[in-house]
Amino acid sequence: MDLRPVVLGRHNRGTDRLETITIDVAVLGAGGAGIRAAIALAETRPKLKIALVSKVYPMRSHTCAAEGGAAGVIKSDDSMDHHFHDTVGGGDWLSDQDAVDYFIREAPLELLQLEHWGCPWSREANGSVAVRPFGGMKKQRTWFAADKSGFHILHTLFQTSLKFPSIQRFDEYYVTDLVVEDGHCRGFTAIEMRSGQMRFFRANAVIIASGGAGRMFPFTTNGAIKTGDGMALAYRAGVALKDMEFVQYHPTGLPNTGTLLTEACRGEGGILVNKNGRRFLQDYGMGPETPVGQPVLKTMELGPRDRVSQAFWHEQKKGNMVPTRWGDCMMLDLRHLGEKKINERLPLVRDMATSYLGVDPVTDPVPVRPVVHYMMGGIDTDIKAATSLKGLYAAGECACVSINGANRLGSNSLTELLVFGRRAALSALEHLDRGASAANEAAVNAGANAAQARLRELFNRTGGTETIAGVRKEMMATMEEHAGIYRSGEGLENACATLSALRRRYAGIELHDKTNVYNTDLLQALELGAMLDCAEAVTVSALERRESRGAHQRLDFTARDDQKYLRHSLARYRGGQPPEIGYSDVVITRSPPGVRDYSGEKNAGDKNAGEQK
Ligand SMILES: Cc1cc2nc3c(=O)[nH]c(=O)nc-3n(C[C@H](O)[C@H](O)[C@H](O)COP(=O)(O)OP(=O)(O)OC[C@H]3O[C@@H](n4cnc5c(N)ncnc54)[C@H](O)[C@@H]3O)c2cc1C
């Protein structure tokens with residue numbers, strides 16, 4: 001690592017110069033959103049120089065782990081209006097409706113595009129694309145490739161990207177800082193992990209597609225790389241983090257590892273029962289009980305994730321959970337689906353339940369419990385994926401457009417990666433076409449050198465009193481205790497105070513590994529810094545939102561309050577202080593806020609004027 005001008009170990013090059021790589025557009029992240037953006041750039045402008053930068057080999061991005069599928073209207077009994085209203089109602093009216101409209105219209109086009117690039121979507125008997133039901137959706141619209149949808153989507157994107165020579169990949173590069181000069185993003189600095197060499201990617205436009213931040217919590221479906229790096233980079237560069245208080249719990253994680261059992265289990269007809277064998281969701285406004293194996297859309301087990309996870313919490317308080325050696329659980333029963341269907345539609349689920357838990361869903365119900373899964377909030381962007389910083393765009397889970405509002409519907413995220421990954425690329429091209437403003441290159445280089453100096457300080461620090469693992473463990477415990485499915489003002493105040501203290505303690509961390517090759521100590525320290533920033537944005541935004549909406553439920557403010565809080569929260573960075581919270585309006589075009597109704601009663605739906613028209 002060029003962090004010390006002296007040789008530290010055998011592999012240190014001992015040079016102090018920051019190498020610059022000059023390109024047109026730099027994409028941070030090679031998951032679904034990043035690769036989709038890179039392809040759109042390369043397809044539209046073959047001569048463009050594009051850097052696709054990722055801290056892991058692209059196929060190890062979290063998109064690869066997605067199971068259930070991607071939503072897009074394709075069947076004749078479905079409509080754009082249905083997708084619109086399901087998404088807006090599911091998001092408890094915090095979604096920007098112009099963005100949702102753009103999303104649902106582009107969704108089928110993107111999924112068909114993947115088909116043309118070779119994505120092996122599962123089929124109906126007549127050869128047409130198969131779709132399955134998903135939570136909170138009143139029609140079947142989730143395209144899938146068995147229960148390995150993310151793997152196939154990412155593979156399709158990855159192999160397609162290889163066709164474009166203008167996409168230059170930088171695998172296993174860790175991006176550390178955005179370089180900002182004169183109100184423009186001028187690129188970013190990154191560490192080449194195998195050499196420790198730091199490089200400056202000098203670009204006229206940057207797209208962040210760095211994924212979520214679920215690793216702030218100890219029990220999550222998220223891969224180890226989901227540490228909110230890109231969110232923190234944008235935040236520190238002055239871009240607000242929007243709606244960060246909305247953290248999604250998925251109801252059905254394996255209780256020991258947190259590994260996800262996809263919502264498709266219930267989409268295919270699986271049921272959830274408590275210790276009395278009762279399908280308890282009927283007691284939480286999601287009944288009446290439906291025939292086993294024949295899901296009635298939008299009700300019971302196909303209720304939205306926020307409501308289903310909240311029902312688990314209440315059942316636990318009532319003592320209705322099943323005690324297991326992994327803690328209190330509910331049982332996910334798939335047995336009635338039969339071995340043939342489970343093998344055909346849910347092979348990964350069977351494999352994971354058997355391997356990780358020793359329970360075969362063909363013969364036994366599987367214990368499950370809610371697990372942190374997804375960040376609805378993220379980098380504040382407009383409908384064109386542009387941030388408030390010129391030349392900086394964001395797409396995918398790291399961004400908040402917002403189509404997901406206060407609660408994302410399952411299978412909207414994979415489609416969002418495609419739709420807004422492409423949109424971010426088009427916006428970056430428009431930015432290049434407008435002609436990048438002349439930069440003061442000396443000031444730009446000074447910015448990059450300052451990023452290197454910051455790392456050098458961390459690298460050289462001695463006498464530290466804190467460990468990475470110690471601070472991280474306390475952060476996770478605080479998030480789990482106070483920022484979970486239900487929150488209270490008092491708990492959140494505690495969390496904010498603890499996180500402020502942890503941020504100060506973080507400044508006392510000392511690295512124990514001072515070598516250059518794959519220095520995971522250094523990377524984990526940087527990831528922890530990003531998670532602490534994101535965690536503070538979550539807890540302070542949650543404390544300030546004195547209402548209950550979607551995934552944000554307050555025990556002390558139990559009702560939704562449209563008068564005060566039909567607004568996006570915006571957390572702004574203030575150096576060594578907790579963030580400042582502001583608000584912006586939600587775009588309402590054709591669905592005024594209504595009542596979310598998953599009771600399955602005739603004519604129920606989401607009761608709002610817009611839908612009845
Ligand atoms: C287990 C699981 C199952 C899911 N199933 C579904 C589903 O069925 N349907 C659905 O719609 N959604 C699903 N989701 C959600 C969805 O998969 C994710 O929201 C989505 O894949 C995120 O994609 P992304 O491109 O934004 O980020 P990711 O795929 O997470 O990629 C992030 C990229 O950023 C890079 N990166 C991050 N930080 C840095 C840094 N500092 N330097 C360099 N590179 C960096 C990483 O290397 C990676 O390449 C699931 C999520 C999980 C966890």
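Are W121 and W143 buried or exposed? Here are some friendly notes on the aromatic contacts.

1. This is a predicted model, where local features need pLDDT of at least 70 and side-chain atom pairs count only at pLDDT 80 or more, while totals for chains, interfaces and linings use all residues. Residues are numbered from 1 along each chain as its sequence is written, and side-chain values use heavy atoms, leaving out hydrogens and water.

2. Both W121 and W143 are buried (under 20% relative accessible area, with exposed over 50% and partly exposed in between, 1.4 Å probe, protein chains only). Their ring centres lie 5.4 Å apart with planes at 70°, so the pair is edge-to-face. W121 sits in the loop between α3 and β5 (131–132), and W143 in strand β6 (residues 142–143), 22 residues apart.

3. The count of aromatic pairs comes to 12 (Phe, Tyr or six-membered Trp rings with centres within 6.5 Å; planes under 30 degrees apart are stacked, over 60 edge-to-face, the rest tilted). Y102 and F420 make a tilted pair, 5.7 Å centre to centre with 55° between the planes. Y102 belongs to helix α3 (residues 97–116) and F420 to helix α10 (residues 412–433), so this pair ties together parts 318 residues apart in sequence. Helices (H or I, at least four residues) and strands (E, at least two) are DSSP runs numbered from the N terminus. Y102 and F420 are both buried.

4. One aromatic cluster is formed by F170, Y173, F188 and F201.

5. The charged end of R408 sits over the ring of Y374, 4.0 Å from its centre (NZ of Lys or CZ of Arg within 6 Å of the ring centre and within 35 degrees of the ring normal). R590 has its charged end over the ring of F84, 3.7 Å from the ring centre.
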